[in-house]
Amino acid sequence: MFKVLERIFKDKLATENISLSASDRYRGPIEGSANSDVLKECAAVCPVKAFNVSGDKYNVDYKKCIFCGRCVEACAKKAIDEASLRHKHEDALPVLIESGQEVLQEVLKEKLGRSLHVRHLDAGSCNACDFEMGAMSNPVYDLHRYGVHFVASPRHADMLMVTGVVTRNLEQALKMSYEALPEPKLVMACGACAAGGETYGDTYAVVGAADKVVPVDIYVPGCPPRPTAMIMALLAAADMLKEKMK
Amino acid sequence: MMTTIMPEAILMAAEKMSAGGKHPLTAMFGRDETATGVGYVIYCYFEIPEEKTVDGFKVVFNPNGSLEYDSITHVVPAAAWYEREIKDMFGLVPKGHPDLRPLVLHETFPEDFYPLRKNVKVNAKVRGERQFKVRTAKGEGLFEVPVGPIHAGIIEPGHFRFSQAGEAMLQLDAKLFYTHRGIEKAVEGKTPYEALPIVERICGACSIANTWSFCQAVEKVVSVQVPRRAEIIRTLLMELERITNHVGDIGNIPAGVGFNPAISLGGRLKEKLMRLNEAVAGNRFLRGMIIPGGVAQNITSELCERIHQVMDEVADGVEDMATMFHEQENFQNRIQTTGIVRNQTAMDLAMVGVGARASGYAHDSRSDFSYGVYDELDFKPYTKTMGDVAARLLVRIGELSASFEMVDKLIELLNNCGEQELSVVMEYVEGSGWGISESARGSNFQYVALDGDGRIDRLFVRSASYANWPALPIAVQGDIIPDFPLINKSFELCYACIDR
């Protein structure tokens, strides 16, 4: 017992402030520009049809994007001049549908008015999102400090956090869990599968993105979203819940 | 070249190939070859350790004739799941199979829906009804505990039905395949390069293992030699993935008994490794590294330096955890003699990976096969004989130190590797091939067949967890139900990998 205590005290405090920036190779949102021919090439290689082009403008649907980097790769191969696409080395911010993204920064500054109880639901994920969700509880991210708790039953939860593309085998479980949530309720689609539903294409076993089955309030881009991005999204969700309570 | 046999001869062929269990069943899967006039085919692959290869036979069915065959499960118990899956996917029926319930397709699919037949569209949205009864034990004083598919913690979905005699688990029936996404069908008609993002996303925890097996299979079809630098990098990535998973697991097994200081320390160490993975690959699950023909990104000497440094820190932490486990008597009390898998059971079920090695069955693809640069690393499988939770924990700790040593050697190999080339150009041709790699959970087998346009005609994925899941219901028998989370975590089986 004392030896365990001794070992615990050997460590310094591990908990860090939340930062969205990442390592040099991290494949975050796309920035930069390129000419229309190159952009068409980028759109063609996108495995999830997230890269849309009109003329020499493009936009990336971050709900669908799996951040594989193929558009940037194709651009680097094709573009001879300096104009080219590159990744930002930070997370994509959560996509809210009710209020705008500016909510986020305010929430971070302001102390939270209430806590958020979350029920996780794997609707057909590859488990990467689930592992990152688990990582939020480690001492480095220490999710509890924000008043966010994972609960054992949807009946105890304010929000359903859905990961994975909804499969036929789990469609009923998702519907029933949503119905079991008390009002007011929120749903978060976490990661490219739940948010965009294009990761594996349309198959006989797949229903699609979470919003095909239940109404979704907040989307978190990423494949998987890093724990920091998930925490940002949870804080935004807590704020949305506060609005709903009024 | 595999021998082709008629359905009547399957039992005899299986008996001969398995050689009394000396050659474990690697995989058994169907393929629709009606387009080329062959018919429906079942492929059976057995591992031939003495030749460091797999071999087997294929059984051809006339699509207009009888689609029944004699189940080989009585001779090769490991075939039980495969035969059920083939029935779900192709409608080939194993006569005399002890459990003919569906496996992959749940209640909302109609009875006569066989998705992997070529005449079924990839996005066929047929709805119907089928029976999928969960098995329970009946008797005076017995009761049932249903758990899942949505669990209390943050884990993947599966339904467990415990038949209880008081606190003791009499029987466990697991209904799985909830996250079945139809991946094997989804990649059909895609080039290997197009299919890669999907293969990388079969499972988060086994990204490298799945991608590596897939690429090996594709490279076998094309018969290209991957540049040496790429082989070293792939091996290094595989060991990084193993270390990340093993550290995560030894930090998660204590969660089965609420041993918080160990969970906390494990979580910190795993986070260090995840960040290292991100620095190496640009993704915390090492995605975007392995491509058919080689690797996409180099591991520079600066990154090697960083890997060295993190490995040293993590190795220290693992040592501390091992000491913590060893000294904590009440923890030892819970993990010893809990969830035993006997050696014979492990061999009968053709178990792989940590699960097999903790039961004294030295199955490890890194030494059983020749791939990557493992031959140069002087590697021997690490085994324990007790087959309990403690043994599975100790095997992981033992393997971690072996992996730390390997990483050192691999970095040295990388620094001494003059060749800078990272990948070769692939020109896809018609043919089929298999690939194998040892994931953190065990041997990961994949079969790929390409058509004349170099597009995927069939992909079969047999992850390590597929081979080990059937052992879990056996391991828990007689233990008390509060020990189930502990036993489950000690196997740490993927759902995403098996469900596909």
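## An antiparallel set of strands in chain B

Strand β3(B) and strand β4 (residues 53-61) of chain B are joined by nine bridges and run antiparallel. The model is predicted. Within this pairing, V59(B) in β4(B) is the bridge partner of I42(B). The two strands form a hairpin with four residues between them, and K52(B) in that turn has a positive phi of about 50°.

β3(B) is also joined to strand β2 (residues 25-33) of chain B, by eight bridges, and these strands run antiparallel. Here I42(B) in β3(B) stands opposite G30(B). β2(B) and β3(B) form a hairpin with five residues between them, in whose turn G37(B) has a positive phi of about 80°. Strand β3 (residues 39-48) of chain B is largely enclosed by the rest of the structure, because eight of its 10 residues are buried.

Strand β13 (residues 442-450) of chain B has nine of its nine residues buried, so β13(B) is largely enclosed by the rest of the structure. Nine bridges connect β13(B) with strand β12 (residues 431-439) of chain B, and the two run antiparallel. Y447(B) in β13(B) is the bridge partner of W434(B). The hairpin formed by β12(B) and β13(B) has two residues between the strands.

β13(B) also pairs with strand β14 (residues 456-462) of chain B, in the antiparallel sense and over six bridges. In this pairing, R458(B) in β14(B) is the bridge partner of A449(B). Five residues lie between the strands of the β13(B) and β14(B) hairpin, where G454(B) takes a positive phi near 75°.

## Overall form of chain B

Chain B contains 17 helices and 14 strands. Its radius of gyration is 22 Å, close to the 23 Å that the globule rule gives for 500 residues, so chain B is as compact as a globular protein of that length. The C-alpha trace of chain B spans about 65 × 65 × 40 Å along its principal axes.

Of the 500 residues of chain B, 56% count as buried. Among the contacts in chain B between residues at least 6 apart in sequence, 68% join residues at least 24 apart.

## Domains and nonpolar core

In chain A, the domain assignment gives domain 1 (30-87) and domain 2 (95-245). Their contact takes 10 residues from domain 1 of chain A and 10 residues from domain 2 of chain A. On the side of domain 1 of chain A that touches domain 2 of chain A, six residues are nonpolar, none is polar and four are charged.

The largest nonpolar core has 242 residues, and those with the most contacts inside it are V162(A), M188(A), A189(A) and A237(A). Not counting residues up to four places away in sequence, A237(A) touches L116(A), M159(A), L186(A), M188(A) and I218(A). In soluble globular proteins, nonpolar side chains tend to be buried together.

## Contact between chains A and B

The contact between the chains takes 51 residues from chain B and 50 residues from chain A. On the side of chain B that touches chain A, the elements that give two or more residues are α3 (183-186), α4 (192-200), α7 (260-281) and α8 (301-327) of chain B. α7(B) gives the most to this side, with nine residues. By class, the side of chain B that touches chain A has 26 nonpolar, 13 polar and 12 charged residues.

Technical notes: Residues numbered from 1 in each chain as written. Chains lettered and ligands numbered in written order. Predicted model: local features only at pLDDT ≥ 70, side-chain atom pairs only at ≥ 80, totals over all residues. Domains from an automatic or database assignment. Contact = placed C-beta atoms within 7 Å. Nonpolar A, V, L, I, M, F, W, Y, C, P; charged D, E, K, R; others polar. Rg over C-alpha atoms; globule rule 2.2 N^0.38 Å. Buried ≥ 20, exposed ≤ 12 C-beta atoms within 10 Å, placed from the backbone. Pairing = 2+ DSSP bridges. Core = buried A, V, L, I, M, F, W, Y, C linked by C-beta atoms within 7 Å.
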